[in-house]
Amino acid sequence: CRQVHQDQLLVTRLVPHPAGLGCPRCGAVHPVLDGIPIVLRDADPWLEQEIATVVSRRDIPDAVMQRLARGSGGPLRRSLLRLEFYRGCMDGALQDWVREVVAGLDGTVLDLCCGMGTHTRADVVGVDLDWITLSEYPGVRIIADALDPPFVAESFDHVLLLGAVDSVRQPWLLLG
């Protein structure tokens with residue numbers, strides 16, 4: 001948890017809490033659903049907007065899920081279309097290059113705006129706001145805003161940032 005107090009940045013490690021992860025300093029509680037922490041300053045608006053994707057079950061076959069979402073629009077349809085697009089883009093020169101580079105990296109890796117990922121490393125930390133694509137990510141998954149990641153500066157040795165333009169509200173701010 002990060003807070004500014006008297007022009008100083010106070011960083012507190014989140015600890016297990018019955019409802020997910022909690023901050024012992026400020027009392028904020030971040031839910032953990034299906035093993036994915038939702039680490040946003042205010043998770044309630046995100047949960048309200050994404051309720052259709054968060055409660056979608058994994059045991060529903062893709063064809064049935066597509067039928068359910070066909071007329072629904074909203075976040076479920078959007079996420080399923082994004083997932084279909086990402087699945088169609090997993091093979092290519094760029095993806096092969098990314099997999100090779102990521103496989104050879106030593107140290108900790110943060111994958112911002114990760115979607116479903118383009119690598120196979122289980123130790124890479126993926127951050128995204130899209131529940132359905134993140135649920136297929138091969139590494140450690142965290143729902144968080146790439147513009148306000150829940151990590152202190154220099155927490156990772158490497159940062160992977162691919163396809164971020166459609167993943168954040170202000171891509172120019174992220175690149176800055």
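The largest pocket has a volume of about 1000 Å³, where a pocket is an open set of points, on a 1 Å grid over the protein atoms alone, at which a 1.4 Å probe fits, with protein on both sides within 12 Å along at least five of seven lines; points are joined across faces, edges and corners, and the volume is the space filled by probe spheres set on them. The model is a predicted one, in which local features need pLDDT of at least 70 and side-chain atom pairs count only at pLDDT 80 or more, while totals for chains, interfaces and linings use all residues. Numbering runs from 1 along each chain as its sequence is written, and side-chain values use heavy atoms, with hydrogens and water left out.

Lining residues (those with an atom within 4 Å of a point) number 37 for the largest pocket, and V39, L40, D145, D148 and P150 lie nearest its centre. Among helices (DSSP runs of H or I, at least four residues, numbered from the N terminus), α1 (43-54) and α3 (74-88) each supply at least two residues of this lining, and α1 gives the largest share, four residues. By class, the lining of the largest pocket holds 19 nonpolar, five polar and 13 charged residues, with Ala, Val, Leu, Ile, Met, Phe, Trp, Tyr, Cys and Pro counted as nonpolar, Asp, Glu, Lys and Arg as charged, and the others, Gly among them, as polar.

The second largest pocket has a volume of about 340 Å³, and of the 17 residues that line this pocket, Y86, Q95, T118, L162 and G163 are the closest to its centre. Here α3 and α4 (93-104) each supply at least two lining residues, with the largest share, three residues, coming from α4. The lining of the second largest pocket divides into 11 nonpolar residues, five polar and one charged.
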